[in-house]
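Please read them alongside the coordinates.

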Amino acid sequence: MIEILIPGLILGGFALISSTGLFIAAKKFYVYEDPRIAEVTGLLPGANCGGCGFAGCAAYADYVVANNTLNKPCPVADDETMSQIGALLGLAATSAEKKVASLMCKGTSQNCKLVTEYTGIEDCWAAMLVNDTTKACSFSCLGLSTCVRACAFDAMRIEEGIVVIDDEKCTGCGMCISSCPKNILHMRPKNKIITVTCFNTDRGAESRKACAVACIGCMKCEKACEDDAIHVNNFLAKIDYIKCTLCEKCVEACPTNAIEIRRIMVDAENV
Amino acid sequence: MLKTFKKGGIHPPEEKISADQPITCGEIPAQLLIPVDQHIGKPCEIIVEKGSVVKRGDLVAKSTGFISSNVHSPVDGKVEKIVRFPQLGGQIRNCVLVTPENPGISFQEVLNNEPENNIDIDQMTAEDIRKTINEAGIVGMGGAGFPTHVKLSPPPDKKIEALIINGAECEPYITSDHRLMLEKSKEILKGIAILQQLFGGIPIYIGIESNKANAIEVMERECKTYENISVVPLQVKYPQGGEKQLIKAVLNREVPSKGLPMDVGVVVQNVATVLAIHDVFYHKRPLLERVVTISGNLVKHPGNILLPIGTPVSYVINKFEIDTEKVRVMISGGPMMGKTSYSFESPITKTTSALLFFDESRILRRQENPCIRCGSCIEACPMGLAVAQLTEMIKANNIATSIKDSIMDCIECGSCTYVCPADRRLVHWMRFGKLMIKREN
Amino acid sequence: MEANQVNRLLIMDSSPQGRVVESTRRIMYTVSLTLVPALAVSVWIFGWDALRVIVLSSLFCVATEALIARFASYKIDYMDGSALLTGILLAMNLPANSPWWIIFIGSLVAIVIGKQVFGGLGQNIFNPALVARVFLLISFPVELTSWPVPGQKVDAATGATPLGILKTEGVGALADTNLADLAMGNMGGSLGEISAIALLIGAAYMIYKRYITWEVPILFIGTVFVFAGIFWLIDPTQYASPAFHVLTGSVFLGAFYMATDMVTSPLTYKGKLIFGFGCGFFTIVIRIFGSYPEGVSFAILLMNAMVPLLDKYLPDKKFGMVKNG
């Protein structure tokens, strides 16, 4: 009997001491954390993309609850999520203008010929260490998937040598923008589906020789636009999305098909 | 026992197949594309425009800061236009397209028409020398292109105790410095004397690898007429010509990590740069041309040719009858540290020491295989870096503070990649790591 | 100005352009070849059974890797010789009378658990052949310790190895073992344990080709010798001689082929010294104080676990490291 009693007492004693210690510690070192922070973190998409400007979803939740404000909406969360968060905090939900990433290049293997065979590390920054371009146009997309790897939402893929963005999956977080060494990924409002898919500032004749669908800076789009929404600078057209009314006159006017309408990719209601 | 650096190093086949070919002179090509970005530092500002008439030696692009370098026109001619064009090495930069007045005449004639200039070295001050070198647009012609006047202006707290002239030419195939030492030894020594005057009479060592025995002999003979200038024969090992390795071999001093040669009281200059310095003072000629080795397994008659800056590669291809259908790799510089290029119209720059043309048999095996931790790269690294571990961390995007110094110490010599049995592009990873560190800041 | 008027594109890549002829495949197959003398001795001593084990082991290992290659998310080159080498080394750790299913399970464990779960070639921490051997030893102790008597061509009688005799019956029973016999391989044991001389021939070639360096093998064998010697000097009636310890068991195989495995041994010089010492030390400790007669496999696996630590905290001296002043 005693052989059971003594170990039992010893172990029981240990258990008592440890649990007392834990209890004291829990009380003494208790940090109050607003339980809403955990709830908000749970509601957020959880990609930790940094699109809000904070270090992750938890940091964003911290900010939102501490300051009780939704003045910096999460660009990735949809309207329903934002209104749920708003309800939790007793605030009106706001949502940011939905933006998506857009590639200013249509230099596919058909349109823009390769000038060299690059056999180094498959990364756009690594390739820039070796040469400025692998295609005839020196502004073209390298197609080595650095942005594809940067995207946390699986919204990008490589097709025919350039990046193709899925507008539905793209949440506009902005992580791919800084990952491009050629600076040809830019944000645009999701519902403004007309884009100039070129970034070439060389003279018209040179751009045209480099790529079949290059912007040659002929200014026909600028003349066709009745809303003062497209301008040519340095032989490159650029759309002012605030003024653009999606009338598509520039698309018809462009002789090289450098302006694209992204019909297929967007929800018809948002147009 | 010949001097050398102890750590690492490899012995690639020397392939000095053009070593016995004397320097020839080409003709002025039909067009010259003068690049304005031939150096380390701020790019130049172009000061000519379409239609400008230029004479040989005229400034076409101005230096824009302390670490920058002037660019001059090597021929009389007219500026056609300013273009952006792919350079040797793949970068797309601005060039001045010049149509020479007399295309097709021998370049030797142009050189022969130049006046000789007598100078009195003892009367020149250090400031004068630096200023003249700066205005002449002289940069390190071994390949790096660092503006020479900057190297020759160490801050006052760094006392320079010795000058080393780099005649090692450790890269396979390249023989331009070798031929310069054989044919222009007197001029080189005169140029060295100018530098000796600049630094106030310090000892000068000329490091030459032992595979250039005739050059060692010739230079030793010339040195006899000078005081405190000597030749140091060196063991043949790559990268003997790397600054840090050269200083270690000649003076047994190690440049500290993250440091520069001036931290151990030394300045290193390439032989061709010294010859250019001589030309500035004795011929009043800024840096306008250089000797380029044309070699590789596709060149039937490899040689060394003096070319004006801005000569397109196509001129060389025609002159040496290279079959462009067979060319698969074109390298400017040596195979270990040189850059590949894709355009046959790219121009020669101040730092192009060689043009190498190779076919299919020299293509790298394409696929990177997993690292098997064999340690060959670590053995080969002349800087003693743990290459295998560093590149694995760079690849995993895991650049900790503790390894940043090691990555920045890499001299990108290529020894590690050369010996790697798994075909890993180690130098590319190291350069990628350096870029990531720079982007973070 | 056109970039090029030719049809073929030039290749662009980072410097350097040019490589040595050496490749991963060459290294693996060459190391496999250096084991041929030892394999030949084992066939001579144990007969065709030995050949059966070698062939089955190699086949199963390569086949396992080929199967995994179909499903892995990363590229596996199952013909690069590393699976073959693992198969040969596994065979050398097994007795000649191993049933086929032992070899099969061993190959599976070696390739799957010992190598591929870590991420493939170059990623494993533990030596795959040793992982398999230890797994089999602990799971099937009977099959792994019934050693065939040398000199037979048919697997009829089984007997203990010299180390086994040492553990169970003490030094006295070893009175008539001849050191020369041990060196030449005329003793019981696994395929690879027996001929130190045959292994030395292969190892010499590997050292010549600089696949392995002297630090780990010399320190391993030296430490075994020294520590065995210390105990032997204390009491020669209880402890066997250092020469005996060095020539029996898989000390030679372990020192030259298992501990020096590129993937699982340290990259730094000081790391290699500690590694070699540690392997030797733990071998003697397990042999003398542990309940297993043979300690090499466990010792090497223990030291394999320490390799990342050794590599991190014992770096080589860089060029230009100045003392802080």
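1. Chain A meets chain B through 14 residues of chain A and 13 residues of chain B; two residues are in contact if their C-beta atoms, placed from the backbone, lie within 7 Å. On the chain A side, α5(A) gives the largest share, 4 residues. Helices (H or I, at least four residues) and strands (E, at least two) are DSSP runs, numbered from the N terminus. By class, this side of chain A holds 6 nonpolar, 6 polar and 2 charged residues. Ala, Val, Leu, Ile, Met, Phe, Trp, Tyr, Cys and Pro count as nonpolar, Asp, Glu, Lys and Arg as charged, and the others, Gly among them, as polar.

2. On provenance, this is a predicted model, in which local features need pLDDT of at least 70 and side-chain atom pairs count only at pLDDT 80 or more, while totals for chains, interfaces and linings use all residues. Residues are numbered from 1 along each chain as its sequence is written, and chains are lettered from A and ligands numbered from 1 in the order in which they are written.

3. Confidence in chain A comes next. The mean pLDDT (the predictor's confidence in each residue, from 0 to 100) of chain A is 86, and 96% of the residues score at least 70. Within chain A, helix α5 (residues 124-130) has the highest confidence, at a mean of 94, and helix α4 (residues 79-89) the lowest, at 80. Residues 265-271 of chain A stay under 50, and the model has 12 contacts beyond four places in sequence for them. Where pLDDT is low, the predicted coordinates should not be read in detail.

4. Chain A is assigned two stretches, domain 1 (35-89) and domain 2 (99-270); the bounds come from an automatic or database domain assignment. Taken over C-alpha atoms, the centres of these domains of chain A are 31 Å apart. Contact between them involves 6 residues of domain 1 of chain A and 8 residues of domain 2 of chain A. The domain 1 side of that contact has 4 nonpolar, 2 polar and no charged residues.

5. Between chains B and C, 61 residues of chain B are in contact with 35 residues of chain C. Which elements of chain B each supply at least two residues to the side that touches chain C? They are the strands β7 (77-86), β15 (329-332) and β16 (339-340), together with the helices α11 (387-395), α12 (401-409), α13 (415-419) and α14 (426-440). That side of chain B has 31 nonpolar, 16 polar and 14 charged residues.

6. The domain assignment of chain B gives domain 1 (121-283) and domain 2 (376-440). Their centres, taken over C-alpha atoms, are separated by 29 Å. In chain B, 7 residues of domain 1 are in contact with 7 residues of domain 2, and the domain 1 side has 2 nonpolar, 3 polar and 2 charged residues.

7. In chain B, helix α5 (residues 185-198) packs on helix α6 (residues 213-223) at an angle of about 50°, with the axes 10 Å apart. Axes are lines fitted to C-alpha atoms, for helices over the stretch in contact, and angles run from 0 to 180 degrees between N-to-C directions. α5(B) and α6(B) are therefore oblique to each other; angles under 35 degrees count as roughly parallel, over 145 as roughly antiparallel, 65 to 115 as roughly perpendicular and the rest as oblique. The residues that meet are Ser185(B), Lys186(B) and Leu189(B) of α5(B) and Val218(B), Met219(B), Glu222(B) and Cys223(B) of α6(B). By class, this contact has 4 nonpolar, 1 polar and 2 charged residues.

8. In chain C, the axes of helix α10 (residues 196-208) and helix α13 (residues 251-258) come within 9 Å and cross at roughly 10°, so α10(C) and α13(C) are roughly parallel to each other. α10(C) contributes Ala196(C), Leu199(C) and Ala203(C), and α13(C) contributes Phe252(C), Leu253(C) and Phe256(C). The contact has 6 nonpolar, no polar and no charged residues.

9. Some backbone details deserve a check. Tyr238(B) and Pro239(B) are joined by a cis peptide bond, with omega about 0°; Pro239(B) is in the loop between β11 (229-234) and α7 (243-251) of chain B. The peptide bond from Ser15(C) to Pro16(C) is also cis, with omega near -10°, and Pro16(C) is in the loop between β1 (10-12) and α1 (24-34) of chain C.
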